[in-house]
Each structure stands twice: as structure tokens, then as C-alpha cells.
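Hello,

Here is the structure for your files. My notes on it follow below.

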Amino acid sequence: MSKSIGMVEFTSISRGIYAVDQMVKTAEVEIVTATTTCPGKYFAIVTGDVASVNNSVEVGEQYAKEYLIDSMVIPSVAPEVFPAIAGGVMPEYMDAVGIVEAFALAPMVVAADSVLKAVNVEPIELRLGSGLGGKSFFTFTGDVAAVTAGIESAKNALMLKGLLVNAEVIPSPSPKVLPSLL
């Protein structure tokens, strides 16, 4: 069974924690992550069936009120998104690396999902705001053509909201750079 994923981002940490409590009390969802992020914001990602995730995110939006930054629901998320959010995975071999950077968190989750569904690549990390001044980035690897196509997919997803900062393809990355990717 495919899982859905939803995210709500708040400008207030206290309201975020309160709203997330209401989100999980109202709908049968699991928290993937719920944490503070720079600069003094809070976000939560939940997973479950489509109806439950939709309901949970709607509740989060309602309780957020004026503290809502953004929200999103992906009905059938690429399963590789979960380990990328959890802290990343270092593949054994990297022909090329793609890096996509955005001004916001929720659109980056959507962009990462679009990349993983569009091309045959492996995620490395989906970093959401921690130590990034509220920005986010997604790194992934595969052959040069797939990584290039993945970058285009991510750019298209992020340009819809005007939140793309930059995107790069690194063919044959130096082994000296690889440890810095996680």
C-alpha cells in the first residue's frame, strides 16, 4: 500500500506544537518528524492513508491560523523520500550528484518526490531548514543523464512557487567531497 505524506509549517513554535497535537488526535497518522527549524519556525510531517493525511493537514492549517507558513499533501509519495528525510543514506557509488536548493521547506518535499518519481536516482538527503536559515536542499545521485533530468524536474516543481534558489549537477564528484554530503 502506498503512503501519503503531509506537511504543515508554522511561524510559531508553540502554536506548531499545539497544532500538531491536534493533528494526531484528529486523524490516524504517524509523525515522520516534528521539530523546530531556522529561523525560529516549527514544522511537522505526517504519514498515513490519503484521507487521514488530508484531514490531519486541514486540522493543522485550521489550528495554525495566522501562524501558517505553508502546507502540502502528496497522496502517493515516493517511498525513498522517508529515508532521505530521516537523515540521509550514502550510496556506495556516485556517478553524478544533483543538488537542489529552495527558499522553503514544503515545496522541497514536493520537488524531491517529483525527482524520485521522474527518474532513476537514489536520494542522499532531504534537509529541511535545520541550520539553513529556513531554506532546504535535496541531494541525490545516479548517472549524469538521470541526475540532469532530475534537476530539471525539481526546478519545474520549485519554479511554480518561485522558490528555487539554485540547482547543480556534479559529474564524477571527488571522493573528498562525498563525506560532506551528509
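Surface, fold and cores

The protein chain exposes about 8300 Å², of which carbon and sulfur atoms supply 55% (Shrake-Rupley method, 1.4 Å probe; for residues, only the protein chains shown count as cover). This is a predicted model, in which local features need pLDDT of at least 70 and side-chain atom pairs count only at pLDDT 80 or more, while totals for chains, interfaces and linings use all residues. Residues are numbered from 1 along each chain as its sequence is written, and side-chain values use heavy atoms, with hydrogens and water left out.

The protein chain holds five helices and eight strands (DSSP runs, numbered from the N terminus: H or I of at least four residues, E of at least two). Their order from the N terminus is β-α-β-β-α-β-α-β-α-β-β-α-β. The C-alpha trace spans about 45 × 35 × 30 Å along its principal axes.

Of the 182 residues, 48% are buried (under 20% relative accessible area, 1.4 Å probe, protein chains only). The largest nonpolar core has 35 residues, and M108, L126 and F138 have the most contacts inside it. Such a core is a set of buried Ala, Val, Leu, Ile, Met, Phe, Trp, Tyr and Cys residues joined through side-chain atoms within 4.5 Å. Helix α4 (residues 106-118) gives the most to this core, with seven residues. A second, separate core has 14 residues, including F10, M23, V29 and Y42.

Leaving aside neighbours within four places in sequence, F138 is in contact (heavy atoms within 4.5 Å) with residues including A84, I99, M108, V115 and L126.

Regards

Terms used: Buried means under 20% relative accessible area, exposed over 50%, partly exposed in between (1.4 Å probe, protein chains only).
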